[in-house]
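Please read these notes with the model open beside them. They are meant for someone who has not looked at this structure before.

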Amino acid sequence: MALIKYFKNPKKIEYLPLLERIQSDDEQVKSAVMSIMEDVKKNGDKALFEYERRFDGSDLTSLFVSEEEFIEAEKSVDDELKAAIDRAYKNIYTFHEKQKTNGEDVETEKGVRCFRKVVPISRVGLYIPGGTAPLFSTVLMLSIPAKVAGCKKITLATPARGGKVNPVVLYTAKRCGVDRVLKCGGSQAIAALCYGTESVEKVDKIFGPGNRYVAFAKNIASNVCAIDMVAGPSEVMVVCDEFADPLFVATDLLSQAEHGKDSQVMLVIKAKDSQMADEIYSNVEKCLDEELKKLGRKEFMLPSLSHSAAFSFFNNEDVIEIINSYAPEHLIINTQDPYEILEGVESAGSVFIGQYSPESAGDYASGTNHTLPTSGRATSSSGVSLDSFIKKITVQELTKEGIKSLAPTIIKMAEAEELTAHAEAARVRMK
């Protein structure tokens, strides 16, 4: 039986329904999250202690990680992993630092100056999941641009299993200059960051991935404070041709499938004809089968593959059309002419070019950010970058000559809108 369903040269009207993501609209989840959010808003620290006992088995005496716990965590992380984290840190820092910009400064006409002042978001909250895998890489991806931007307060929230936060998460947080680590996960952590409690300072913007509870909590929180995005299940689209190594293609698909049972992987085959397309698909399927026998996390991979799909096309135009229709979180273009395809790409979170650019490079250490739009949101949204942690304030300054020159235009427009006080504010300056 095929691991990924295969559709040969379908028309757009045929493949669009196949690109739909798994939609989870669980009313029980929503009800539980709303109850937890209200409880934390009303009862503060008391509610957080209770939820940590109930959900994480943590009988906490303090909601925050102590300095002693940071020291203990650093001792438990082996030197090779520390070196790997340091190298990833360097690349991520380098790429995000290059994103710094000075605000534009323009004289739109004589005596009229307009410019933008770039300032960091003061207080940010970073959520790091603690479920099936300790995502210390997300600590790097969120805290480094926060530090580069100059955010004044960085609070990281993550579950503490049995009162203990994962030591690699703690080591990475300390390495990146996080100010405080909150021993709290789930929607209760989002509520604490959003509303504030006696111990937890309210933040201005919340970042980070999470499960359905966290995603819905962030959705609620967005009515009170800013969020980076509502992240859905992880996804990848891999485009390949006869020049791509099928083993590379298979491992790229599986690297996303292992994130969770609701992850989705899409294979797009570009071939000269149906026979070649079938051969490519067959070779990838064979490699998938062989890799699955060797790798762990099959309980996540197999369900992911079951609601994924493979498509074959015979030209770049059709390949580009399905890419932009799907708007993948991750897009791998493993073909002989990747830049010709990239030229037409309008909707993707992050793109990986060629044989030697696995999606895992971006997840960990190449330097780009791995916090990306999912569920088709790449049609209108970007991934996290330095811009996510800054604000740009517009400023204008008019000289006496500038307002004298511009006032007639202002007055005419204001009076046309029947806003006479607007017109008067310009008119009195002409005298």
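1. Basis of the notes. This is a predicted model, in which local features need pLDDT of at least 70 and side-chain atom pairs count only at pLDDT 80 or more, while totals for chains, interfaces and linings use all residues. Residues are numbered from 1 along each chain as its sequence is written, and side-chain values use heavy atoms, with hydrogens and water left out. Helices (H or I, at least four residues) and strands (E, at least two) are DSSP runs, numbered from the N terminus.

2. Helix H5 covers residues 79-97. At 1.5 Å a residue, its 19 residues should span 27 Å, and the end C-alpha atoms are 26 Å apart, which agrees. The expected span here is 1.5 Å times one less than the number of residues. Asp78 caps the N-terminal end of H5, with a side-chain oxygen 3.0 Å from the backbone nitrogen of Glu80. A polar contact is a pair of N or O atoms within 3.5 Å; within protein, one must be able to donate a hydrogen and the other to accept it, and residues adjacent in sequence count only if both atoms are side-chain atoms.

3. The two sides of H5. Lys82, Ile85, Ala88, Tyr89, Ile92 and His96 are the buried residues to look at in H5. They cover an arc of only 130° around the axis, which puts them on the same side of the helix; the arc is that of the directions from the helix axis to the C-beta atoms. On the other side of H5, Asp79, Glu80, Arg87 and Lys90 are exposed. Buried means under 20% relative accessible area, exposed over 50%, and partly exposed in between (1.4 Å probe, protein chains only). The cover over the buried residues of H5 includes helix H4 (67-76), helix H6 (136-149), helix H7 (167-175) and helix H15 (359-364).

4. His96. This residue of helix H5 counts as buried, at 1% relative accessibility. The side chain of His96 reaches the backbone oxygen of Ile92 at 2.8 Å. Leaving aside neighbours within four places in sequence, His96 is in contact (heavy atoms within 4.5 Å) with residues including Pro145, Val148, Gly367 and Asn369.

5. The sheet. Five strands form an open sheet in the order S6-S5-S4-S7-S8, with parallel pairing. Strand S6 (180-183) and strand S8 (226-227) stand at the edges, each with a single partner strand, so one side of each is left without a neighbour in the sheet. Two strands pair if DSSP finds at least two bridges between them.

6. Strand S4. Five bridges join strand S4 (residues 123-127) to strand S5 (residues 153-158), and Tyr127 has Ala157 as its bridge partner in S5. Three bridges join S4 to strand S7 (residues 205-207), where the partner of Val124 is Lys205. Four of the five residues of S4 are buried, so this strand is largely enclosed by the rest of the structure.

7. The nonpolar cores. A nonpolar core is a set of buried Ala, Val, Leu, Ile, Met, Phe, Trp, Tyr and Cys residues joined through side-chain atoms within 4.5 Å. In the largest one, of 40 residues, Val124, Leu140, Val181 and Phe389 touch the most other members. H4, H5, S4, H6, S5 and H7 each supply at least two residues of this core, and the largest share, nine residues, comes from H6. A second, separate core of 34 residues includes Ile190, Ala191, Val203 and Val214.

8. Cys240. Cys240 lies in strand S9 (residues 235-240) and counts as buried, at 1% relative accessibility. Not counting residues up to four places away in sequence, Cys240 touches several residues, among them Val249, Leu267, Ile280 and Asn334.

9. Two positive phi values. Most residues other than glycine have a negative phi. Ala327 has a positive phi of about 55° and is found in the loop between helix H13 (316-326) and strand S12 (330-334). Glu418, with phi near 65°, lies in the loop between helix H16 (400-416) and helix H17 (420-427). Ala327 counts as buried, at 1% relative accessibility, whereas Glu418 counts as exposed, at 67%.
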